[in-house]
Amino acid sequence: MNIKTFATQQELDNHAAQIFANLLQSKPNAVLGLATGSTPIGLYNALVQLYKNNEVSFKQAYTFNLDEYIGITPDNPQSYSYFMHEQLFNHIDLPAEHIHLLDGTASDAKEECQRFEEKLTEKPLDIQLLGLGHNGHIAFNEPAEALSAKTHIVKLDEKTLQANARFFASIDEVPKHAMTMGIASIMKAKHILMLVRGADKAAIVKQALQGPITTQVPASLLQLHANVTVLLDEEAGRML
Ligand code: GLP
């Protein structure tokens with residue numbers, strides 16, 4: 001694992017954006033796995049800036065997003081689809097038909113997961129961006145005795161509902177279920193880029209990167225991947 005710590009948010013975001021820019025420069029039709037949450041917002045801003053400066057183009061690129069809430073329409077500001085359009089897609093030259101998102105309103109969620117997994121198999125990920133949940137989740141793969149390999153439906157953990165309640169009017173409005181890429185869908189990416197910020201994540205960062213490999217800390221499975229880059233701010237990295 002390649003772990004880098006940054007003194008400022010700006011440096012972390014710029015470094016992450018440069019990793020994407022370098023990939024797109026060497027492989028314009030790269031397949032990018034993207035993530036939501038508050039952590040990647042700075043990276044997306046930096047990428048939009050690079051695009052505006054003509055330093056990067058997404059014209060031939062493809063994207064896949066990790067997860068989506070079930071029961072929320074794409075035009076709902078709480079949906080991950082809405083988030084991605086607001087933060088990135090609306091500001092770059094990525095063709096709409098190159099965007100792969102899970103549809104949280106699909107009438108058959110199981111079938112939707114299968115459709116998505118098939119697309120992923122057709123277009124293997126060159127890079128997968130990840131955040132880290134406070135309980136060690138990656139995407140919406142929650143701590144459990146057993147984890148699923150492929151894209152699947154999950155019941156969200158109480159801790160996740162609490163953490164994500166800040167984006168909703170109340171915790172009761174947070175959807176209880178989501179669709180998410182599985183551990184194998186993520187681990188098949190050629191490069192995994194994880195970003196983590198904040199003192200509240202320091203303990204889970206230590207467990208994930210240096211603790212035992214266990215399904216109770218889904219991010220610890222990343223220790224088995226040959227090409228992982230982790231970018232941390234000083235607070236998140238202070239227990240390593
Ligand atoms: C959500 C997402 C994850 C994300 C996590 C952390 O639950 N499904 O993909 O990594 O939250 O979010 P944040 O970056 O806001 O701490």
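Leu 47 is in contact with Ala 17, Phe 20, Val 56 and Leu 88, its neighbours within four places in sequence being left aside; two residues are in contact if their C-beta atoms, placed from the backbone, lie within 7 Å. The model is predicted: local features need pLDDT of at least 70, side-chain atom pairs count only at pLDDT 80 or more, and totals for chains, interfaces and linings use all residues. Residues are numbered from 1 along each chain as its sequence is written.

The largest nonpolar core has 72 residues, of which Leu 47, Leu 132 and Met 194 touch the most other members. Helix α1 (residues 9-26) gives the largest share of this core, six residues. Such a core is a set of buried Ala, Val, Leu, Ile, Met, Phe, Trp, Tyr and Cys residues joined through C-beta atoms within 7 Å. A residue is buried if 20 or more other C-beta atoms, placed from the backbone, lie within 10 Å of its own, exposed if 12 or fewer, and partly exposed in between.

## Annotated active site

An unreviewed UniProt entry places the feature "active site" at Asp 67, Asn 135, His 137 and Glu 142; such annotations may be inferred rather than shown by experiment, and positions follow the numbering used here, with feature names shortened.

Asp 67 lies in strand β4 (residues 67-69), strands (E, at least two residues) and helices (H or I, at least four) being DSSP runs numbered from the N terminus. Asp 67 is buried, because 22 other C-beta atoms lie within 10 Å. Not counting residues up to four places away in sequence, Asp 67 touches Tyr 80, Leu 102, Ala 139, Phe 140, Ala 178, Met 179, Thr 180 and Met 181.

His 137 is placed in the loop between β6 (127-130) and β7 (152-155). With 26 other C-beta atoms within 10 Å, His 137 is buried. Apart from neighbours within four places in sequence, His 137 is in contact with Glu 142, Pro 143, Thr 160 and Pro 218.
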